[in-house]
Amino acid sequence: MKKRLVLILNGKGGVGKSFFAVNFIQYLKDRPFPHVAFDSDNENSTLKRFHPEAGFLNLASPRGLDPMIQSLDGSNLVVVDCRAASTDLFLDFFTSTELSELLAGLDAALTLAMPVGAELDSIEQIQRLIHELADRCQYLVIRNAVHNDTFALFEASKVRHRLKTELGAKEISMSRMQNWLVDGLNRNNLTPTTARNSGEFSLLDRQRLIMWQRRLYEQIDSVVDLLLPRS
């Protein structure tokens, strides 16, 4: 497919959807790669705070998700940061629009980028998505080590087995960032890229951010076939 829609989705809150979204959009800017980004969280709007040019999807509107599809007319890559507890809204939209058929007509593929943590709730949310969508999209699991760097429940789960053996899913890791660096970025609405020219961080902390970002970008580079459209 020449176009791609990437939904960063997991109904569980606090698993790192917006954190990954902010840094993935920065990755696209740093490359640079043309894209359209959308935030769908009307309360926190984290993505728009770090990337003000991002659009907004009003999930309270019956046509609130339409712009993410309409944007594929003019862009080969659309990325959506899906707020917590929005799984039903997106699945209903997929069903009501026959999204697979619609995307095929646009020569577009769908990727679900699904952060997962150590807790069972985030795994159950992924189980629900693959039960509903099966092989109608592609899957990327993002192991988020922000709270815990062990994923024993996920590794032993049936959902992981199905993702890897039946659905061709891939996995990447997002390493833990030191708390004071996270706080500094959030307080000043900075990404690791924009923090390099900021006086808010010391030389050593800027280097820590560079190293963290380098590791994440290497992970993203390894799965660009799931995150970028075909060139």
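Visitor: What makes α1 stand out in the lining of the largest pocket?
Guide: In this predicted model, α1 contributes the most to that lining, with 5 residues. The helix spans residues 17–30, and α2 (46–50) and α9 (179–188) also supply at least two lining residues each.

Visitor: What is the volume of the largest pocket, and which residues are closest to its centre?
Guide: The volume of the largest pocket is about 500 Å³. Its lining has 31 residues, and those closest to the centre are Gly16, Lys17, Ser18, Phe19 and Thr46.

Visitor: How do the lining residues of the largest pocket divide into nonpolar, polar and charged?
Guide: The lining holds 12 nonpolar, 12 polar and 7 charged residues. Gly counts as polar and Lys as charged under the scheme used here.

Visitor: Why is the sheet described as open, and which strands stand at the edges?
Guide: The 7 strands of the open sheet follow the order β3-β2-β4-β1-β5-β6-β7, with parallel pairing. The edges are taken by β3 (55–56) and β7 (170–174); each has a single partner strand, so one side of each is left without a neighbour in the sheet.

Visitor: How do you know that β1 is paired with β4 and with β5?
Guide: Two strands count as paired when at least two bridges are found between them. Strand β1 (residues 3–8) is joined to β4 (residues 77–81) by 5 bridges, and 6 bridges join β1 to β5. Both counts meet the cut-off, so both pairs qualify. In each case the strands run parallel. On the β4 side, Ile8 stands opposite Asp81; on the β5 side, the bridge partner of Leu7 is Leu112.

Visitor: What joins β5 to β6?
Guide: There are 6 bridges between β5 and strand β6 (residues 138–144), and the two run parallel. Ala113 stands opposite Leu140 in β6, while Met114 stands opposite Val141.

Visitor: Why is β5 called mostly covered?
Guide: A residue is called buried when its relative accessible area is under 20%. In β5 (residues 108–116), 9 of the 9 residues are buried. On one side these are Ala108, Leu110, Leu112, Met114 and Val116, and on the other Ala109, Thr111, Ala113 and Pro115, so both faces are covered. As for β6, 6 of its 7 residues are buried.

Visitor: Why is Met114 called buried?
Guide: Met114 lies in strand β5. Its relative accessible area is 0%, which is under the 20% limit, and therefore Met114 is buried. Leaving out residues up to four places away in sequence, Met114 touches Leu9, Ile126, Leu129, Tyr139, Leu140, Val141, Ile142 and Leu163.

Visitor: Why is Thr193 also called buried?
Guide: Thr193 has a relative accessible area of 19%, and because the limit is under 20%, Thr193 counts as buried. Thr193 is placed in helix α10 (residues 192–195). Beyond residues up to four places away in sequence, Thr193 touches Gln26, Asp30, Gln213 and Tyr217.

Visitor: Which residues does Arg176 touch?
Guide: Not counting residues up to four places away in sequence, Arg176 touches Ala145, Val146, His147, Asn148, Asp149 and Trp212. The side chain of Arg176 reaches the backbone oxygen of Ala145 at 3.0 Å, and the cut-off for a polar contact is 3.5 Å. Asp149 is 27 residues from Arg176 along the chain, with 7.9 Å between their C-alpha atoms.

Visitor: Is Ser40 buried or exposed, and where is its place?
Guide: Ser40 is buried, because its relative accessible area of 2% is under 20%. Its place is in the loop between β2 (36–39) and α2.

Visitor: What does the side chain of Ser40 reach?
Guide: The side chain of Ser40 reaches the backbone oxygen of Asp81 at 2.8 Å and the backbone nitrogen of Arg83 at 3.0 Å. Apart from neighbours within four places in sequence, the residues in contact with Ser40 are Phe56, Leu57, Leu59, Asp81, Cys82 and Arg83.

Notes: Residues are numbered from 1 along each chain as its sequence is written. This is a predicted model: local features need pLDDT of at least 70, side-chain atom pairs count only at pLDDT 80 or more; totals for chains, interfaces and linings use all residues. Side-chain values use heavy atoms; hydrogens and water are left out. On a 1 Å grid over the protein atoms alone, a cavity is a set of points where a 1.4 Å probe fits but cannot get out, and a pocket is an open set with protein on both sides within 12 Å along at least five of seven lines; lining residues have an atom within 4 Å of a point. Grid points are joined across faces, edges and corners, and a volume is the space filled by probe spheres set on the points. Helices (H or I, at least four residues) and strands (E, at least two) are DSSP runs, numbered from the N terminus. Buried means under 20% relative accessible area, exposed over 50%, partly exposed in between (1.4 Å probe, protein chains only). A polar contact is a pair of N or O atoms within 3.5 Å; within protein, one must be able to donate a hydrogen and the other to accept it, and residues adjacent in sequence count only if both atoms are side-chain atoms. Contact means heavy atoms within 4.5 Å.
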